[in-house]
Amino acid sequence: MKRRTFCAATVAALTAAALPYRRVVAAAAELAAIGLDGRQLTLKSAEIEELRARLRGELLLAGDAGYDDARRLWNAAFNRKPALIARCSGAADVIQAVDFASAHGVLTAVRGGAHSLSGQSVCDGGLVIDLSPMRSVHIDTGAKLARVEPGTLIGQFDREAQAFGLATTAGTASDTGVAGLTLGGGLGRIGPKFGLTIDNLSGADVVTADGRLLRASAHENPDLFWGLRGGGGNFGVVTSFEYRLHEVGPMLFGGELSYAFSGARALMRSFVDVMATAPDELCVNVDFDTDDKDVRRVAFDVCYCGPPARGETVLAPLRRLGTPLTDKLGPASYVSLQGAADPVKPNPYGGYFKGGLVRALTPSLIDTAIDYLEAAPLSSGWIGFQPSGGAAGRVAPQATAFWNRHATYDMLVGALWKVPGDGAERATEWTRAAWTKLESFTEGYYVNLGETQQDAHAHRIQAAYGGNYPRLVALKKRYDPTNLFRLNANIRPA
Ligand SMILES: Cc1cc2nc3c(=O)[nH]c(=O)nc-3n(C[C@H](O)[C@H](O)[C@H](O)COP(=O)(O)OP(=O)(O)OC[C@H]3O[C@@H](n4cnc5c(N)ncnc54)[C@H](O)[C@@H]3O)c2cc1C
């Protein structure tokens with residue numbers, strides 16, 4: 001099955017079963033919910049009605065119109081049923097929802113674009129702070145700044161900025177949310193040239209666990225600003241992001257180039273040599289995936305953000321790696337390249353993922369990945385590599401909460417299955433078996449791939465934050481001492 005939806009990222013995801021909670025029927029006067037400590041608690045009807053009255057947006061309960069849409073995630077493996085969904089219209093609604101969650105100690109998930117691979121933006125029995133109604137984008141062309149609300153999808157952001165020939169690094173699939181993507185770091189097609197998304201973040205408005213709305217920037221609450229850039233949603237709910245923009249396109253050069261898998265070992269060694277001297281303007285995502293006829297291949301997703309007239313010359317060495325199966329390289333708008341890997345909506349596939357950051361595509365890593373794919377054929381399974389070097393690698397590990405700056409690729413291993421269907425077990429086993437071969441090549445992990453409750457091992461989370469971990473724990477103690485924001489790559493305050 002051709003993998004259309006990912007250009008790699010690193011993940012560990014979960015199967016449909018998550019928290020040991022079963023939906024408890026709401027009695028007329030009260031609603032059963034799950035607390036932060038995992039225990040069941042009861043919310044009185046008057047308390048729920050008070051929250052409803054305080055919100056400008058809707059408050060949804062099971063059975064309400066829109067409830068099922070609002071709890072759906074990109075990863076169809078998850079079918080979680082929150083007690084309450086607060087569909088926020090603005091920062092004031094977020095403050096009300098956070099105050100309610102704190103006062104009642106309700107398990108709380110924060111949802112932006114719903115692309116969490118680990119399913120942590122929706123929870124069984126808890127409160128979901130749903131930011132998807134907040135989608136305004138304001139472009140200041142003079143200052144080259146964008147103010148973006150947290151429910152915005154990257155395709156929407158790209159479109160607004162590209163109307164003025166501007167952009168900043170933002171993912172590879174246009175229906176990914178800016179919020180989660182940014183807070184975890186943010187890899188994207190123009191990342192090698194302009195850095196991670198967080199390297200282009202100039203400020204944010206955040207509702208912290210005590211219900212205050214704080215401005216975070218280099219000048220205001222700089223410690224919080226540091227933690228937001230890579231800390232993955234641990235410190236509060238961001239209600240507005242401000243990004244620096246760059247002149248990009250609108251026409252670039254890129255597209256898909258693929259080769260037969262049979263020659264993958266030699267091809268990938270030559271690919272590494274080509275990329276060693278490539279300019280930062282060239283970004284190539286590599287996937288060992290399958291085509292529409294389930295034939296395994298090596299697929300390059302190519303974006304060259306330099307002058308399009310130079311595209312043919314810059315990409316010639318990639319085209320000479322062998323005889324391409326497909327060659328769709330050519331002039332293309334940045335918006336169309338960003339939409340190139342878009343999934344069908346809603347995505348009908350569940351997925352189970354593992355991933356980690358690697359320092360280099362060494363011959364031994366390449367051979368191990370290829371050996372596994374040859375020994376364990378599964379058409380819905382793939383191994384991919386997304387560039388994380390270039391400008392992102394020239395930022396000091398201590399400059400933001402994103403520690404693993406030495407990595408040059410983010411490796412993602414995953415397998416999909418149709419939902420409903422019975423492929424979850426096989427896909428999960430396949431991915432886990434691959435990971436036993438590949439994990440030792442990783443040096444850290446990327447929090448946007450979201451370790452799940454099931455897979456969350458403290459050492460993996462600490463590896464993501466590396467030497468920044470002690471400073472992050474201190475920040476967590478200060479801004480979220482009760483760990484209200486725990487459904488993420490969690491930094492425990494204690
Ligand atoms: C198809 C696909 C393609 C992807 N491609 C890339 C890629 O190219 N580059 C890359 O870097 N990553 C990529 N990812 C990973 C992606 O960055 C993460 O899944 C990210 O969390 C998605 O953000 P979201 O807002 O859509 O997610 P959501 O599911 O809405 O949120 C994920 C988590 O982010 C936190 N969060 C969300 N909004 C807020 C907020 N406003 N305030 C505080 N915390 C918040 C919460 O902890 C939440 O659990 C991809 C994922 C998918 C499914």
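N483 is buried in this predicted model, with a relative accessibility of 7%, where buried denotes a relative accessible area under 20%, exposed one over 50%, and partly exposed the range in between, as computed with a 1.4 Å probe on protein chains only. Although N483 is not a glycine, its phi is positive, at about 60°, and the residue lies in the segment after α14 (469-479); helices here are DSSP runs of H or I with at least four residues and strands are runs of E with at least two, both numbered from the N terminus. A114, likewise not a glycine, has a positive phi of about 65° and is placed in the loop between β5 (108-111) and β6 (127-130), where A114 counts as buried at 8% relative accessibility. Most residues other than glycine have a negative phi, and most peptide bonds are trans.

Residues are numbered from 1 along each chain as its sequence is written, and side-chain values rest on heavy atoms, with hydrogens and water left out. Because the model is predicted, local features require pLDDT of at least 70 and side-chain atom pairs count only at pLDDT 80 or more, whereas totals for chains, interfaces and linings use all residues.

Cis peptide bonds were found at two prolines, as follows. The bond from G249 to P250 is cis, with omega near 5°, and P250 sits in the loop between β13 (246-247) and β14 (251-260). The bond joining V419 and P420 is also cis, with omega about 0°; P420 belongs to the loop between β21 (409-418) and α12 (424-438).

With a disulfide taken as a pair of cysteine sulfur atoms within 2.5 Å, the count comes to zero. C88 takes part in no disulfide, the nearest cysteine sulfur, that of C123, being 14 Å away, and C88 is buried with a relative accessible area of 0%. The sulfur of C305 is 5.8 Å from the closest cysteine sulfur, in C303, and is therefore too far away for a bond; C305 counts as buried at 14% relative accessibility.

A nonpolar core is defined as a set of buried Ala, Val, Leu, Ile, Met, Phe, Trp, Tyr and Cys residues joined through side-chain atoms within 4.5 Å. In the largest such core, of 61 residues, F271, F288 and F300 touch the most other members. A second, separate core of 40 residues includes A204, V206, A464 and A489. When residues up to four places away in sequence are not counted, the contacts of F300 (heavy atoms within 4.5 Å) include G255, E256, L257, Y259, F271 and L321.
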